[in-house]
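This note sets out, point by point, what a colleague reading the structure may wish to check. Please keep the sequence and the three-dimensional view open while reading.

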Amino acid sequence: MAEVVLNHVIKRFGNSLAINDLNLSIDKGELVSFLGPSGCGKTTTLRMIAGFLEPDEGDILIHEENVTRIPANKRDTALVFQNYALFPHMTIFENVAFGLKMRKVSKEETRSRVLEALSMVQLEKFGDRYPRQISGGQQQRVALARALVVNPRLLLLDEPLSNLDAKLRQEMRSEIRQLQQRLGITSIFVTHDQEEALVLSDRIVVLEQGEIRQIGRPQEVYDSPQSHFVADFVGVRNFFNGHFESHAFITNNGIKIFTDMKQKSDFKKIGIRSNMIVVNPNNKEMYINTFKVKVELITYKGTIIELLVLFPTGDSIVVEMPSEQFKQNTFSKGDQIDICWRPDSVLPLSS
Amino acid sequence: MKIKKQQNTQAYQVGSLIGPTTLLVTVMFLIPLLNFLRNSFNVFVPGQFMQTAWTLENYHKFLTDPYYLSILGRSFYIAFSATLLALVMGFPIAYFLARTKSKWKSIIIMLIVFPLLVGNIIRDVGWISLFSGTGLINRFLLDIGVVQEPIQLLQTPMAVIIAITNVVLPYMILTLHSVLERIDPALEEAAYDLGASRWTVMKSIIIPLGIPGIMAGTLFVFVLSINAYTTPLVIGGSKVQMMAPALYSQISEVSNWPLGAAMAVILIVFTLLSSTIYLRIIERMSMNVRAAGTEVKG
Ligand SMILES: Nc1ncnc2c1ncn2[C@@H]1O[C@H](COP(=O)(O)OP(=O)(O)OP(=O)(O)O)[C@@H](O)[C@H]1O
Ligand SMILES: [Mg+2]
């Protein structure tokens, strides 16, 4: 049974269409990420669900109740803000207690629930401090505790980790996920970081220009992006335009790439992940897609080496190879190498 | 340690808001002030300029004569009322300005500042045409038959309070605006999202975080009001006397320099004293808020 339903939701700002006919249903206990580039409408959608914005058309249902016209302070949702929005003139304890105070919860119950929420995020000792007296990561946790303490039906997070450094971001990521699963709370997580979305989500909703481009489990979205846009967003870097001739794809420059396409199709574009391309394999006869290319650029990236290679046709693509392999198999800029990939690595894409 | 630093930051914030005015007032007052201070101990001899002396007679005269004391009391009452009125009227306007995304915002700010470009005397003449016996208000009241003959509006404390409020309101709005604008709107949304009503958001978020602005604005406006000259003179006349015109008339009309000087010193000391007491009270009241500072993350 769906806990959150967006039904033909449309939102305009003046003449511009921010959200165009959004349909989505989220199950109870599910964590769904909204993934997309800046300006695609993630925040707008989240704010409509939270009750800060009213859709121009369509309905929003939470727990089968139509909340479209219900204001934010009457909705059973809790929003975690990107900049945390902790009240600077209140202690951590008072911050977390705020929502309970609004719900007129008794003093004793407030106390025990706040302490419980603070211990949930390992901050039980910090109740007396003010927000500016704790670190960014701790503030993030307080924001989380403040939202969770009211037992909302729906937890909304708008890029909650974007102000943290990389290491802390990873820690918080798994902390949020564990907490969310333990509490079984239905959640929407806004991010423009594909890795974050892949790690955290039950399902990912990829948005572009106010429209849903793809919905799926992380693996689905990663392994089979359906369009150039989604593929690009989940890290596919090599694209060819052309057409299919039975199961082979002929690029506009005449490169023939074999795919595992079974029936005739009219996709005009394919994508290939850089890490699915093999360099100078011993058994290159095994690959039907083998090409001689010239190395244009070698970039060291720690565990991997990134190569920019040039086809005789002038097309260039990016290839990743493990650094270890590069050490045993040295070549340098300007050399000819063989690159190969399997037919099933080819991603047919709509544009 | 951190709290201490925060308090300093806040003190600095308030300071930077009223600092420039204070400095200007200080420099412009310092030299005449010393001069006044000396003169206030001299003796007034009718017909002569004054006689050099060291006497407290002038202070004694002022502080024991109910007539003079009532001028001081009235000055305080009118300045206090005008300040309160300016706060009550200015806060919603300043808040609206701080939050509006309207393209009219700069025009509204210009409209607010515009009266400052028109001299006090011109505005006071405007008020006269509104308040006088044959003014707009009385004519209207007579026309609709609420009153049979013109009511006294000019030369009432009420008229002076209204006219002074009109003068100081722009300062109040601009001072409040600069502080309210710095409060992150996300804080209001967070409170609202957690179930607070609009009023609760105002009461528990905006007002506490706006206290530095309220402090600076009210203090600034109070000092301006209690020192008002043109408005009480033109609107209040002889019936609603305030300190500045009264002390000036001592000097210019009666040529009683020593008493005028003593009144000036009393006015200054009184202003400083009431400001200090006021700040202490606010400080007491908002201990929490001061400790927390008004730093807005984001
Ligand atoms: N209040 C507003 N008035 C006018 N246009 C707006 C308003 N809020 C958002 N928009 C527009 O709507 C579109 C979607 O904005 P939104 O904030 O939802 O993007 P986002 O996906 O959250 O982007 P980001 O990753 O940068 O936060 C943008 O083109 C934005 O300019
Ligand atoms: Mg956003």
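The points below treat chain A, then some of its residues, and then chain B.

1. The structure is a predicted model.

2. **Overall make-up of chain A.** The secondary structure of chain A consists of nine helices and 20 strands. Its C-alpha trace extends about 75 × 45 × 35 Å along the principal axes. Of the 351 residues in chain A, 53% are buried. Among contacts with a separation of 6 or more in chain A, 65% join residues 24 or more positions apart.

3. **Helix 2 of chain A.** How many of the 11 residues of helix 2 of chain A are buried? The number is eight, and the helix, which covers residues 92–102, is mostly covered. The buried residues include Ile92(A), Val96(A), Phe98(A), Leu100(A) and Met102(A); Asn95(A), Ala97(A) and Gly99(A) are also among them. Within chain A, these buried residues pack against helix 3 (107–120) and helix 4 (136–148). They also pack against helix 8 (185–193) and helix 9 (198–226) of chain B. After helix 2 of chain A comes Lys104(A), with a positive phi near 55 degrees.

4. **Two loop residues with positive phi.** Tyr84(A) is not a glycine, yet its phi is positive, near 70 degrees. Tyr84(A) is placed in the loop between strand 6 (77–80) and helix 2 of chain A. Gln209(A), also not a glycine, has a positive phi of about 45 degrees. Gln209(A) belongs to the loop between strand 9 (203–208) and strand 10 (211–216) of chain A.

5. **Glu65(A).** This residue lies in strand 5 of chain A, which covers residues 65–66. Glu65(A) counts as partly exposed because its relative accessibility is 45%. Leaving aside residues up to four places away in sequence, Glu65(A) touches Ile60(A) and Ile70(A). Glu65(A) and Phe311(A) are 246 residues apart along the chain, and their C-alpha atoms are separated by 58 Å.

6. **Gln325(A).** Helix 9 of chain A, residues 323–328, contains Gln325(A). With a relative accessible area of 26%, Gln325(A) is partly exposed. From C-alpha to C-alpha, Gln325(A) and Arg173(A) are 32 Å apart in space, and they are 152 residues apart in sequence.

7. **Cysteines.** How many disulfides does a search of the whole structure find? Over all chains the search finds zero. Cys40(A) counts as buried because its relative accessibility is 2%, and Cys340(A) is buried with a relative accessible area of 0%.

8. **Overall make-up of chain B.** Chain B has 13 helices and zero strands. Its C-alpha trace spans about 75 × 60 × 30 Å along the principal axes. Buried residues account for 46% of the 298 residues in chain B. Of the contacts in chain B with a separation of 6 or more, 72% involve residues 24 or more positions apart.

9. **Domains of chain B.** The domain assignment of chain B gives domain 1 as residues 1–39 and domain 2 as residues 56–297. The centres of these two domains, taken over C-alpha atoms, are separated by 20 Å.

10. **Surface and charge of chain B.** The accessible surface of chain B amounts to about 15700 Å², and 71% of it belongs to carbon and sulfur atoms. Chain B has 20 positive and 13 negative side chains, with the centres of the two sets 7 Å apart.

Key. Residues are numbered from 1 along each chain as its sequence is written. Chains are lettered from A and ligands numbered from 1 in the order in which they are written. This is a predicted model: local features need pLDDT of at least 70, side-chain atom pairs count only at pLDDT 80 or more; totals for chains, interfaces and linings use all residues. Side-chain values use heavy atoms; hydrogens and water are left out. Helices (H or I, at least four residues) and strands (E, at least two) are DSSP runs, numbered from the N terminus. Buried means under 20% relative accessible area, exposed over 50%, partly exposed in between (1.4 Å probe, protein chains only). Contact means heavy atoms within 4.5 Å. Domain bounds come from an automatic or database domain assignment. A disulfide is a pair of cysteine sulfur atoms within 2.5 Å. Accessible areas come from the Shrake-Rupley method with a 1.4 Å probe; for residues, only the protein chains shown count as cover. Lys and Arg count as positive and Asp and Glu as negative; His and the chain ends are not counted. The place of a charge is taken as NZ of Lys, CZ of Arg, CG of Asp or CD of Glu.
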